[in-house]
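Hi everyone, thanks for coming.

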Amino acid sequence: MMLVAIDEKKQHISLWNKRKEEIQQLKGLKFYCPVCYNQVILKSGSYKRAHFAHKSLNCSISSEGETAEHLEGKKLLIENLVRYGKTCELERYFPKSNQRADVFVSSLALEFQCSPLDENSYQKRTLDYQLKEQVTPIWLLGSRYFPANRKKWRNGEKRFFLFSKGLGSYYWILDTTKQQLGLVYHIEETFLTSHYQVKWWYLKKYSVYEIVTQVEQLKVTSCYHYRVRDELNSCYRYLSQSLNKKQVKVLKIQEYCYLKQGNLLNLPIICYLPIVRIPGEIGLIYYLRWLFLTTLQERKQVDMLESLHFLSLEYQKQTLFSLATNKQFIDEFGEYLTFLIDIQVIRQMNNRILFNAERYQYLLNKQVNDLLKEQLINKIQSSDLQRPNPLASMLL
């Protein structure tokens, strides 16, 4: 279903701003798809917005599965952009990538996604926009993706997550019924539950373009509080149950640990603390922390950026976030470096990280490790980690 077609004079006809009387006058005329040039039919009923539909489903980018919500969303977006004076185009076709953006405006492709989209399709469409068209896609998600007080995030939402220092993990939603654009942000997932906040903009008062292009300027901080001891116990249970159930991803991480003579369930306590709060492969992050420490133990000092690059590549191999941005992992790893500096396992000298082998060996002692566990829990619970993030400059 489309809102734009061409007539016999090869003129573009758009339905989004047509009144019922004007649409009735168009009935009986011939229209064609702007992409495949096959004939399309003008449909106008009582339950669904007027649209064009292919006579036969042989168009390479035919979108016959579009819902009424999708049609309303495209109309809502184009109306908003026109209202605020933006030059934009509905259903713009990009020949290099063979895809059609719902709305195109100032090098942005606004894609209103209402139906399920698998990971491979999402990655291909996003990369095609970025690499073949030099266009930035902005994914706005429909009602099936609304958070609705959920305790855990599904892969369907996670693949659309973005990240910024101020907002944490976030994604966009569009409510066509209330005519509002929403930002779901500060998404944090622990072993016990998840947290998030939502901010709404009424689209008769605010410009979609201004909202999505200036969102990085929002400076908000997380206000969530965690029961560190409970989370740590849940962490052990989660990893143990995942291994017992032979979950593929956790088993693969366990294999990585074995190659380094380690065990995912028996890493040093400083690999499990602080508790990871970003949605993702939590076991993987604990493994990468340990991998970083074992590398330091072997080399005594490492280049910070080289280490980060290596760990980022390892992270991207296993996570759903590789397309969105790597800033999320950089931020979490930077906080972890702050933690290691605070407990004197490492120290920073310019762009190099120096390893305190004696301190590390001392912390590995079982009795010390048990005592340290209580101290660290109390320290983290009281938020007594105030040093600046060593990687903060990379997040700007």
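This is a predicted model: local features need pLDDT of at least 70, side-chain atom pairs count only at pLDDT 80 or more; totals for chains, interfaces and linings use all residues.

The chain has 396 residues, and 52% of them count as buried. Its secondary structure comes to 13 helices and 16 strands. If you take contacts between residues at least 6 apart in sequence, 62% of them join residues at least 24 apart. The chain exposes about 20000 Å², with carbon and sulfur atoms supplying 48% of that area.

Now let's look at helix α3, residues 119–132. With 14 residues at 1.5 Å a residue, α3 should span 20 Å, and the 19 Å between its end C-alpha atoms agrees with that. At its start, a side-chain oxygen of Asp 118 comes to within 3.1 Å of the backbone nitrogen of Asn 120. Just after the helix, Gln 134 takes a positive phi of about 55 degrees.

Which residues of α3 are buried? They are Glu 119, Tyr 122, Thr 126, Asp 128 and Tyr 129. Those buried residues pack against four strands: β6 (88–94), β7 (99–105), β8 (108–113) and β9 (136–141). Tyr 122 turns up again among the rings, where ring pairs link it with Trp 139, Tyr 145 and Phe 160 into a cluster.

On to the cores. The largest nonpolar core has 54 residues, and those touching the most other members are Ile 270, Leu 273, Tyr 286, Phe 292, Leu 340, Val 345 and Ile 346. Helix α9, residues 282–299, gives this core its largest share, eleven residues. Apart from this core lies another one, of 31 residues, including Leu 76, Leu 81, Leu 167 and Tyr 185. Let me go back to Tyr 286 for a moment: leaving out residues up to four places away in sequence, it touches Phe 191, Cys 235, Leu 239, Leu 267, Cys 271, Tyr 272, Ile 275 and Val 276.

Last topic, the aromatic pairs. The count comes to 20. One of them is Trp 153 with Phe 161, an edge-to-face pair at 5.7 Å centre to centre, with 75 degrees between the planes. Both Trp 153 and Phe 161 are buried. Tyr 170 and Trp 172 also pair edge-to-face, at 6.4 Å centre to centre and 90 degrees between the planes. Are those two buried or exposed? Tyr 170 has a relative accessible area of 4%, under the 20% cut-off, so it is buried. Trp 172, at 3%, is buried too.

That's my tour, and I'm happy to take questions.

Technical notes: Residues are numbered from 1 along each chain as its sequence is written. Side-chain values use heavy atoms; hydrogens and water are left out. Helices (H or I, at least four residues) and strands (E, at least two) are DSSP runs, numbered from the N terminus. The expected span of a helix is 1.5 Å times one less than its number of residues. Buried means under 20% relative accessible area, exposed over 50%, partly exposed in between (1.4 Å probe, protein chains only). Contact means heavy atoms within 4.5 Å. A polar contact is a pair of N or O atoms within 3.5 Å; within protein, one must be able to donate a hydrogen and the other to accept it, and residues adjacent in sequence count only if both atoms are side-chain atoms. A nonpolar core is a set of buried Ala, Val, Leu, Ile, Met, Phe, Trp, Tyr and Cys residues joined through side-chain atoms within 4.5 Å. Accessible areas come from the Shrake-Rupley method with a 1.4 Å probe; for residues, only the protein chains shown count as cover. Rings of Phe, Tyr and Trp (its six-membered ring) pair if their centres lie within 6.5 Å; planes under 30 degrees apart count as stacked, over 60 as edge-to-face and the rest as tilted.
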